[in-house]
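The sequence and structure are shown first.

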Amino acid sequence: MSYAEAIEHLNALGLELAPSPDTPRRKFELEHMRTLAHALGEPQLSFPSILIAGTNGKGSTAATLASICAHAGLRTGLYTSPHLTCVNERIRTNSPRGSTTPQTTFTEIPEADFAALYFHVDDAARQLVATEALPHPPSFFETLTALAFLYFRECKLDIAILEVGLGGRLDATNIVEPVLSIITDIALDHQEYLGSTIAAIAREKAGILRPNGTLITLPQHAEANQAIGEAAVALNVHGINAADYLPGRTAIPGHGIANAATEESASTVSRDFSPGISVPERNGALAPGACLSSDAPGSPSLAASFPHLHPNHYTLNLNNQPLQINSPLRGEHQQRNIALAIAAALELRKQKIYNIPKSAIEAGIANTHWPGRLELLPPNLLLDVAHNPAGAWTLRSAIASLPESQPRTLLFSCLRDKDLTEMAQILFPLFDSTNDRPHDHILLTPIDNPRAATLDQLLAAAQRLDIPAHPTQSPAEALALARSLTPANGLIIATGSVYLIGALRDLALNPTPAVTPQ
């Protein structure tokens, strides 16, 4: 069986997050994933793992931490979702099956291995359904997660960094026994599955915690702090406050993680916080014209053209030794994700699980590859996967740093199960050509995904705000039109969906004959 056949079979499992109107919403049971894993020989128990849950920042944290582990010489696996272009991007290692030496870079699971393991999982699942050990076939994500665990076992990993797909408590990844649990920033998203409040969603995310385990997180929304703190106290969890590793701040150990919870919860969660960071010295941005490693190769001039979109570059004081942070990831919000990755690496070292030297932390951060997150591609295309209101606010903050006089074109699409109305309210006014920005444009396009919002839905969101927007029929047409409308000193900003960014990134890096704008 081929990779293409495996993908066809996988896609036929259906849409677990956006079923058709006549299909009831799927109820997830972690016991079903455990049954499948047991039939496959418990592959998830063959390697140590770190679980990362949260609403935004999971992927950036996972990619940064995985890069640190790889630069420490560890055989490292990275499991993330969704993908930008190809499904096998979700499963990466720096030590593919059969290799003798781990590398510092990551490669996707080979298509042949993906196909073989997919049909192995599918055969096992069919037998379980036939014997009524499972009530129905595993979902798309459950199947892919089982496949990843099998591949990671074959690669004989030292550590696997696993990004939770949805929530935490019932997520397919949550059958592992993590050595660390990380919770990134929490916001409203997937309310139909996780709950309608920050507190309810935080409780679902906290489902990745284990009795007497270790939690790494950051102070955030008060309701999230309290819910996470209460869950941590109930499980006697050891808490690490990654705020100690933020630039320009002195963290109070334990402050904010239990926040509004009881005094007992605050003291329990805060015990043994790493005290090794003092007030850091901020070094500022990279010099204009410096090569930005997060951008496409051969485009050093982008830094000079758009100096307001610089990567993160600062110094922390780690046990009276400077820790140089030179991350290619843009945006101040990435400092929180970098802090979580640093805290996790130091905790692995503190627990004597792995030897991760300071040099590996610096090199891992500097060489993190996580495309589509405030990523600049020549000549003037900024890609960002902001796919929910919290992500849109983060992108809006980055846009606010741009010169007011700089022309901008927004290229937008999103999935229909996202909050299109709120995302439009956050972003569209920044590109309103009727409000002191006569050279700006908004281009809307459908995307090739069954969950995609229709062009009519996208246009209606702009019309409700009384903001001009132009429809296009495809990402290729939208990009061609954006390039024709945007002057050389202007910026094209594409956002709203991971799948849109994947399509545009492929078009930008692998150009085909020009599409004539309609």
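## Backbone exceptions

Pro82 lies in the loop that links β2 to β3 (91–93). In this predicted model, the peptide bond from Ser81 to Pro82 is cis, with omega near -10 degrees. A cis bond also runs from Pro378 to Pro379, where omega is near 0 degrees; Pro379 belongs to the loop between β12 and β13. Most peptide bonds are trans, and most residues other than glycine have a negative phi.

Glu42 has phi near 50 degrees and sits in the loop between α2 and β1. Asn320 has phi near 65 degrees and is placed in the loop between β10 (311–318) and β11 (321–330). Asn320 counts as exposed because its relative accessibility is 68%, and the cut-off for exposed is over 50%.

## Overall composition

The protein contains 17 helices and 17 strands. Of its 518 residues, 58% are buried. The accessible surface of the protein is about 20,600 Å², and carbon and sulfur atoms account for 52% of that area. Among contacts with a separation of 6 or more, 77% join residues 24 or more positions apart.

Strand β7 (residues 214–217) runs parallel to β8 and is joined to it by 4 bridges. Thr217 has Asn241 in β8 as its bridge partner.

Strands β13 (residues 381–383) and β17 (residues 491–495) run parallel and share 3 bridges. In this pair, Leu381 stands opposite Ile492 of β17.

## Helix α2

Leu30, Met33, Leu36 and Ala37 are buried in helix α2 (residues 30–39). These residues lie on the same side of α2, because the arc they cover around the axis is only 120 degrees. An α-helix has 3.6 residues a turn, so residues three or four places apart point the same way. The cover over the buried residues of α2 includes α4 (111–130) and α5 (140–154). Just after α2, Gly41 has a positive phi of about 90 degrees.

## Nonpolar cores

The largest nonpolar core has 58 residues, of which Ile91, Phe114, Leu144, Leu147 and Phe152 touch the most other members. Elements giving two or more residues to this core are α1 (3–11), α2, β1, α4, α5, β5, α7 (198–205) and α8 (222–234). Helix α5 supplies the largest share, 10 residues.

Beyond its neighbours within four places in sequence, Phe114 has contacts that include Tyr3, Ala6, Ile7, Leu10, Val87, Ile91, Leu144 and Leu147. Another core, of 42 residues, lies apart from the largest one; Ile68, Ile161, Ala341 and Ala344 are among its members.

Technical notes
Residues numbered from 1 in each chain as written. Predicted model: local features only at pLDDT ≥ 70, side-chain atom pairs only at ≥ 80, totals over all residues. Heavy atoms only, no water. Pairing = 2+ DSSP bridges. Buried < 20%, exposed > 50% of the residue type's maximum accessible area, 1.4 Å probe, protein only. Contact = heavy atoms within 4.5 Å. Areas by Shrake-Rupley, 256 points an atom, 1.4 Å probe, with all protein chains shown as cover. Arc of directions from axis to C-beta. Core = buried A, V, L, I, M, F, W, Y, C linked by side-chain atoms within 4.5 Å.
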